[in-house]
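Here's a quick tour of one model, taking in a pair of strands and then some helix packing. Have the structure open as you read.

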Amino acid sequence: MELPKYSGTIHPQEWLKQVLIFCYFKQIKDDKEVLNICKTMINSTIIIPNVNEIKSFEELIEALKLHSTFNTFKISCKRKLQMMKFIPEQHDDIATFLANFHSLCNDAEINDHEEIITLLINSYSNYFFKSEFIKRVEGINSVDEIFKIFSEVVFDELKIIKFGSSIALKHVATGKYLSSCNVNYKTGSNQRVVFAGEKFPDEDALWYATTSHNFQHCTYDDGFDLTHKVTGNKLGINSSYRSPTTGHFEVNCRNGSSSLNWINTNTTNNNAPYVKAKDVIALKCGISIFRSHDFTFTIGNKTFQEVVGHNERIGGNDEWQIEIV
């Protein structure tokens, strides 16, 4: 462990702390001796007037802060804060990002909560985050609480289903996953089959939502297409054809758009605007609802659990839980 020099590239208080730690390990306990060591470790380019008249650590810190190098250091730290960006793909650990951000705030001596809020807002270019963070920090004066809210909003944003992201839909009643594959119905439309599959994770159960609008996040107000990731076909209900076993409307995968809508079935939070992972939903195509049940059909030597469309009241067999893959 080396005795640290002061060259204006660290906050004086932090530098003093490091010197005190060094002296503690070297068993140098006399404050006067430690103070003299501090004076000798100031870079020769930093001229402190009447340095020999300084009699306490507090006076030394104040003298270092009055030097022009400290103002330059603070401006540099503030500039780093202004340039600091939170990118979820690069910052797996929100705690590390906030620790670095908080440290720079301390170094720049930024204590005003409004300024800290503005810097945090500018650090994350995300519409949901900005609107939600501004709403939640209104009236909050505690810096620690502001950082806590930042992390909460970021975690909430990560749960939101985004257009183009891989998802799976788990049928709540049977535990199987909405799936398709390169097999065609032998009846009805002869399009690609849709079924509730056993395997997960499995490429047959991977989907992604798309929209013609320039939106990033899925909301319960958006119409969208659900595209099968492997085949590139879109999920739909065709009321002109009947399902193989129960005679409901046929659900298939085909080329062409079939505008769908999420329906929030959570009665305690059915005003939530954004569609999130673990939400339990019903899926609507036009006026028809997607349903699965224990009925199966067979094509060749393969047996599939039926997925159908219907115009009846939404029930337990119509509920699907969204998972981010």
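## Strands and helix packing

Let's start with strand β2, residues 177–184, which is mostly covered: 6 of its 8 residues are buried. Bear in mind that this is a predicted model. The partner to look at is strand β3 (residues 192–197), which pairs with β2 in the antiparallel sense over 5 bridges.

Now for the helices. Helix α8 spans residues 143–159, and its axis comes within 10 Å of that of helix α6 (residues 113–123), crossing at roughly 15°. That angle is under 35 degrees, so α6 counts as roughly parallel to α8. The crossing is right-handed.

Helix α5 (residues 94–107) also packs on α8, with axes that come within 11 Å and cross at roughly 150°. Here too, α5 passes α8 in a right-handed crossing.

Here are the two contacts by residue class:

| Contact | Nonpolar | Polar | Charged |
|---|---|---|---|
| α6 with α8 | 7 residues | 2 residues | no residues |

Which residues of α6 meet α8? They are His 113, Ile 116, Ile 117, Leu 120 and Ser 123, and on the α8 side they find Val 143, Ile 146, Phe 147 and Phe 150.

From α5, the residues involved are Ile 94, Phe 97, Leu 98, Phe 101 and His 102. In α8 they meet Val 143, Asp 144, Phe 147, Phe 150, Ser 151, Val 154 and Phe 155. Val 143, Phe 147 and Phe 150 of α8 therefore turn up in both contacts, given a contact cut-off of 4.5 Å between heavy atoms.

How values were computed: Residues numbered from 1 in each chain as written. Predicted model: local features only at pLDDT ≥ 70, side-chain atom pairs only at ≥ 80, totals over all residues. Heavy atoms only, no water. Axes fitted to C-alpha atoms, helices over the stretch in contact; angles between N-to-C directions. Helix = DSSP H or I, 4+ residues; strand = E, 2+ residues; numbered from the N terminus. Parallel < 35°, antiparallel > 145°, perpendicular 65-115°, else oblique. Left-handed = near helix turned anticlockwise from the far one by under 90°. Nonpolar A, V, L, I, M, F, W, Y, C, P; charged D, E, K, R; others polar. Buried < 20%, exposed > 50% of the residue type's maximum accessible area, 1.4 Å probe, protein only. Pairing = 2+ DSSP bridges.
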